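Please open the model in a viewer and keep the selection tool at hand.

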Amino acid sequence: MRKTILVTGATGFLGNYIVKELIEQGYRVAAIGRNVERGKALEQQHCIFYPVDFTVKEQVQEVFKKEDIDGVIHAGALSSAWGRWEDFYVVNVEGTRQVAELALQYKVKRFVYISSPSVYTAKCDRFDVHEEEADRSNHLNHYIATKLMSENILGEFCEKGLYVVILRPRGLIGRGDPSLMPRLMRANGKIGIPLFNGGGNIVDITCVENAAYACYLALKAENVKGEVFNITNDEPSRFRDVLEEFCQAAGEKANFRQLSFPLLYGAAEFMEWFYRLFHLKGEPVLTRYTVCTLAFSQTLNIDKAKEKLHYMPKKTLKEGIADYGKWWNSI
């Protein structure tokens, strides 16, 4: 009998690819998400879709009652550089706690949690970052803070007997990307893509297909209970080079704008203060997190994933960029 895996956040960018990967690997997939239209598209991939909000425990419990779930991949989250603390806490902390409680209650054999390498973000270059180097006091934004809280909570569930594995995939790209590259491409066509220090900072990017593959490996790897794994394409590259290749693949000419980090970081601090003071809706044009992400190098060490998950990227960065360019031109 095929094993059934529950995927939360299945109608999101990564969640969609996780569902596809698991089906290709022979699993039976129960997918939950709030986007009914995307859910119908998932059903065409031969998965079972439930229009469920994972922050509502009763709704998720009904799925656990109906399905004999062997494993959970918790990919659902509120992922944004800005927003209200209450919203991030309800989704990323309490939502994660509730799904983990149900997984423990229904004796699920494996719980894979999609965390974030944003927990490494700082006002400096960071190279070859290992999993244990996350700054547990990092409160650059609410997303980072709540992701760290969720990891801590899952550590407690691990001690209670839940088999937890945590992944931190870095800089996801691929068809359907809703944020990373579209934002940069839109900037390219308007004011220019912001660069600091000539775009010489080194970045790690991950093809979304590789992140989904890592989720599959995390479901079946032995002796990895309570472990955290960095996931990337293992192809650190100059930020400017990556952007130029993206623009070329999309049939556009790269348009860069050189900026000053101290000036932009100060502006971001002011904008965040102004938005908080007047309780403004929407997101500031600049946030401290965004400026740090664009300005500094960050590369992750994935030796642990290679050794314990036997992870090797299936899709190269060059292939991912070329594929993204074709998709961008088709939309």
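In the residue classes used here, Ala, Val, Leu, Ile, Met, Phe, Trp, Tyr, Cys and Pro count as nonpolar, Asp, Glu, Lys and Arg as charged, and the others, Gly among them, as polar. This is a predicted model, in which local features need pLDDT of at least 70 and side-chain atom pairs count only at pLDDT 80 or more, while totals for chains, interfaces and linings use all residues. Residues are numbered from 1 along each chain as its sequence is written, and side-chain values use heavy atoms, with hydrogens and water left out.

**The cavity**

Select Tyr-120, Thr-121, Ala-122, Cys-124, Arg-126, Arg-170, Tyr-289, Cys-292, Thr-293, Phe-296, Ser-297 and Gln-298, which line the largest cavity. On a 1 Å grid over the protein atoms alone, a cavity is a set of points where a 1.4 Å probe fits but cannot get out, and a pocket is an open set with protein on both sides within 12 Å along at least five of seven lines; lining residues have an atom within 4 Å of a point. The volume of the largest cavity, about 80 Å³, is the space filled by probe spheres set on the points, which are joined across faces, edges and corners. Its lining comprises six nonpolar, four polar and two charged residues. Helix H10 (residues 288-295) supplies the largest share, three residues; helices (H or I, at least four residues) and strands (E, at least two) are DSSP runs, numbered from the N terminus.

**Ser-116**

Move to Ser-116, in the loop between strand S5 (110-114) and strand S6 (126-129). Is Ser-116 buried or exposed? At 7% relative accessibility it counts as buried (under 20% relative accessible area; exposed is over 50%, partly exposed in between; 1.4 Å probe, protein chains only). Leaving aside neighbours within four places in sequence, Ser-116 is in contact (heavy atoms within 4.5 Å) with Tyr-143, Lys-147, Leu-167 and Arg-168.

**Helix H8**

Finally, select residues 239-249, helix H8, where Phe-239, Val-242, Leu-243, Phe-246 and Cys-247 are buried. Seen down the axis of H8, these buried residues fall within an arc of 130° (taken from the directions from the helix axis to the C-beta atoms), so they line one face of the helix. Just after H8, Gly-251 takes a positive phi of about 75°.
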